[in-house]
Amino acid sequence: MCAVMLASGLACAVASTAYEEKQLTTIQRYILVVNSMTCLIAAYHYRQLENIVTSAAHSGLKHTAPTRADIEEMQFRCSIVRYGDWVVTLPLLALDVALGNCVGDGSDCADTDAALKTALTASICLVVVVLLGSLQEFSSDFKLSRLTLKPWTVFAVACVFLGVAVYYLMEPGDEQGVYTYFILPWFAYGLFAAFKAFVRLPFHFAAVDIVYGTLDMWSKAGLALVTLWKFSTLHSTAS
């Protein structure tokens, strides 16, 4: 997962500088830079997750098997890294989509200020979504029993804020991109988190990592690679 994110981020970074000025508009170049930042930040956080798991495995060698305390500490530290990643990369994804709405058939629209305001509004809503998830995730760790909400309540409220963000980002003619890289994966994030908290089963860390990692690659690396392919196609067509 770290390798996929790193490769996607570097590909966008190279493309943003490799194309000549006449081959990419200013906003298209900005979009590639934002894609690159999103994927590289995600790659860094996945590297951190790997380090946490590796250190836990090494400490587990001191015992006949990893203790429950070892596993809980590892899961807690990994959750901190995940939520830290989401609170940074989700606003970048919102900026990416909002700027994408300013790109026409090889030209930029003039109203970039409106796009930035849209990205800011959507980013605030998305940060609230992450904070709601973190409240549910860490309430027991920090003994926030009074603030603890039922998982499906948190999920429902988060869906409202996600819906508001999508409403602002939705642009006629580009619904497919918002559905594909925002609604579907992030709805799945919340659904899995709510289900995991609701049933209270001892999910294996690897299963959680696979689900979240797959959704991360879908929403971040997938968007970056598809955007890169679209811009390359526009350049080929123009040539």
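Author: Of the 239 residues in the protein chain, 40% are buried, where buried means under 20% relative accessible area, exposed over 50%, and partly exposed in between (1.4 Å probe, protein chains only). The model is predicted: local features need pLDDT of at least 70 and side-chain atom pairs count only at pLDDT 80 or more, whereas totals for chains, interfaces and linings use all residues. Residues are numbered from 1 along each chain as its sequence is written, and side-chain values use heavy atoms, with hydrogens and water left out.

Reader: How do you know what share of the contacts joins residues at least 24 apart?

Author: Contact means heavy atoms within 4.5 Å. Among contacts between residues at least 6 apart in sequence, 79% join residues at least 24 apart.

Reader: Why is S8 called buried?

Author: S8 has 3% relative accessibility, which is below the burial limit, and therefore counts as buried. S8 lies in helix α1 (residues 2–18). Neighbours within four places in sequence aside, S8 is in contact with C39, A221, A224 and L225.

Reader: Why does S36 count as buried?

Author: The relative accessibility of S36 is 6%, so this residue also falls under the limit. S36 belongs to helix α2 and touches G9, C12 and A13, residues up to four places away in sequence not being counted.

Reader: What makes D96 buried, and which residues does D96 touch?

Author: D96, in helix α3, counts as buried because its relative accessibility is 3%. Beyond residues up to four places away in sequence, D96 touches I31, V34, N35 and L223.

Reader: Why is L162 called buried, and with which residues is L162 in contact?

Author: L162 has a relative accessible area of 8% and is therefore buried. L162 sits in helix α5 and, leaving aside neighbours within four places in sequence, is in contact with L126, V129, W186 and F187. L162 and V129 are 33 residues apart in sequence and 6.8 Å apart in space, C-alpha to C-alpha. V129, in helix α4, touches A158, F161 and L162, with residues up to four places away in sequence not counted.

Reader: Why are W86 and Y212 called a pair, and of which kind?

Author: Rings of Phe, Tyr and Trp (its six-membered ring) pair if their centres lie within 6.5 Å; planes under 30 degrees apart count as stacked, over 60 as edge-to-face and the rest as tilted. W86 and Y212 stand 5.3 Å centre to centre with 75 degrees between the planes, so they form an edge-to-face pair. W86 in helix α3 and Y212 in helix α7 are 126 residues apart, and both are buried. The structure holds 9 aromatic pairs; ring pairs link Y83, W86, W186, Y189, F192 and Y212 into a cluster.

Reader: How do you know how many cavities of 30 Å³ or more there are, and which residues line the largest cavity?

Author: On a 1 Å grid over the protein atoms alone, a cavity is a set of points where a 1.4 Å probe fits but cannot get out, and lining residues have an atom within 4 Å of a point. Grid points are joined across faces, edges and corners, and a volume is the space filled by probe spheres set on the points. A search of the whole structure finds 1 cavity of 30 Å³ or more, and about 50 Å³ of space lies in the largest cavity. The lining consists of A42, H45, Y46, L49, V81, R82, D85, W86 and D216, with α2 (26–60) and α3 (68–100) as the elements that give two or more residues.

Reader: What makes up this lining in nonpolar, polar and charged residues?

Author: Ala, Val, Leu, Ile, Met, Phe, Trp, Tyr, Cys and Pro count as nonpolar, Asp, Glu, Lys and Arg as charged, and the others, Gly among them, as polar. The lining of the largest cavity therefore divides into 5 nonpolar, 1 polar and 3 charged residues.

Technical notes
1 Å grid on protein atoms, 1.4 Å probe; cavity = no way out; pocket = protein on both sides within 12 Å on 5 of 7 lines; lining within 4 Å. Helix = DSSP H or I, 4+ residues; strand = E, 2+ residues; numbered from the N terminus.
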